Every structure is written in structure tokens, then in C-alpha cells.
Amino acid sequence: MTRHLASPQVCEQSCAALCVLALRKPENSRIIVEGGGALAALEAMKAHPKEAGVQKQACMLIRNLVARSQAFSQLILDLGAEALIVQARAAHQDCEDVAKAALRDLGCHVELRELWTGQKGNLAP
């Protein structure tokens, strides 16, 4: 990804591949973070702010990196992740849920809305 940072397709698919490798695998997350994967994802977000696919895959990668390895949260925040994720969320409706999840798992404040509480009756007549 760092070699082909100018290509949004390479960045998107690289983030997607790393995202799968990091899912529920703290040891893989450690290797990805130590190898510069988190930084590369954030650089891809900076390089392609108008590419929803890059933004979405990078958010999902960041979320997976910290979901079971909270120790990486501060390091990733120090790289500027919060601002980039907030920017992606604002610019791309498709990123709303994954951006919220990434911010939540990074320990950032995020406004979560409860869409249905069951207070006004049953779903079926």
C-alpha cells in the first residue's frame, strides 16, 4: 500500500485485506501495527479523502486493530486517526456505522442513537 499510495484501488483493497487479517486476531493486529499498517491506512485516508471505499475499509481496519487490542488505541490516536475518521464520517454516508464503531473502539466520544426502544408498542398488530 505504501508503494502504491496514489492508487485508491490498491489502498482500498490493501486495507480490506489487513482488515480481514486483524479481525479477532490480537497477534495479527500487533504485527500489522508494528509493521506500519495502521499508519499506512491513515496515509491512505489522507491521500484519498473523496474515495468512500478507501475511507470505509480504513475505518474497519482501525476498528479491528483496536477491538481486541486496546493497547494500540493511543498510538493510533496519536497518528491522527480521530480527525480522519470524523472527516470520513462527515463526508461519506456509507462510512457512518464503521466510523462510529472505530471511534467507539478507539475510546473516543461518539453519539449513539437508539433507533427503536420498544416503548410505543409492538412491531406487529
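Two residues are in contact here when heavy atoms lie within 4.5 Å. The model is a predicted one.

By that cut-off, L18, L21 and A22 of helix 1 meet N28, S29 and I32 of helix 2. Sorted by class, this contact has four nonpolar residues, two polar and no charged.

| Helix pair | Residues | Packing angle | Axis separation |
|---|---|---|---|
| Helix 1 and helix 2 | 8-22 and 26-34 | about 140 degrees | 8 Å |
| Helix 3 and helix 4 | 37-47 and 52-67 | about 155 degrees | 9 Å |

Angles over 145 degrees count as roughly antiparallel. At about 155 degrees, helix 3 is therefore roughly antiparallel to helix 4. Helix 3 passes helix 4 in a left-handed crossing. On the helix 3 side, the contact uses G37, A38, A41, L42, A44 and M45. Helix 4 supplies V54, Q55, A58, C59, L61, I62 and L65. The contact of helix 3 with helix 4 holds 11 nonpolar residues, two polar and no charged.

The angle of about 140 degrees between helix 1 and helix 2 makes helix 1 oblique to helix 2.

The loop between helix 1 and helix 2 contains R24. Is R24 buried or exposed? R24 has 55% relative accessibility, so it counts as exposed. What is the phi of R24? It is near 55 degrees, a positive value in a residue other than glycine. Most residues other than glycine have a negative phi.

Key
Residues are numbered from 1 along each chain as its sequence is written. This is a predicted model: local features need pLDDT of at least 70, side-chain atom pairs count only at pLDDT 80 or more; totals for chains, interfaces and linings use all residues. Side-chain values use heavy atoms; hydrogens and water are left out. Axes are lines fitted to C-alpha atoms, for helices over the stretch in contact, and angles run from 0 to 180 degrees between N-to-C directions. Helices (H or I, at least four residues) and strands (E, at least two) are DSSP runs, numbered from the N terminus. Angles under 35 degrees count as roughly parallel, over 145 as roughly antiparallel, 65 to 115 as roughly perpendicular and the rest as oblique. A crossing is left-handed if the near helix is turned anticlockwise from the far one by less than a right angle, and right-handed if clockwise. Ala, Val, Leu, Ile, Met, Phe, Trp, Tyr, Cys and Pro count as nonpolar, Asp, Glu, Lys and Arg as charged, and the others, Gly among them, as polar. Buried means under 20% relative accessible area, exposed over 50%, partly exposed in between (1.4 Å probe, protein chains only).
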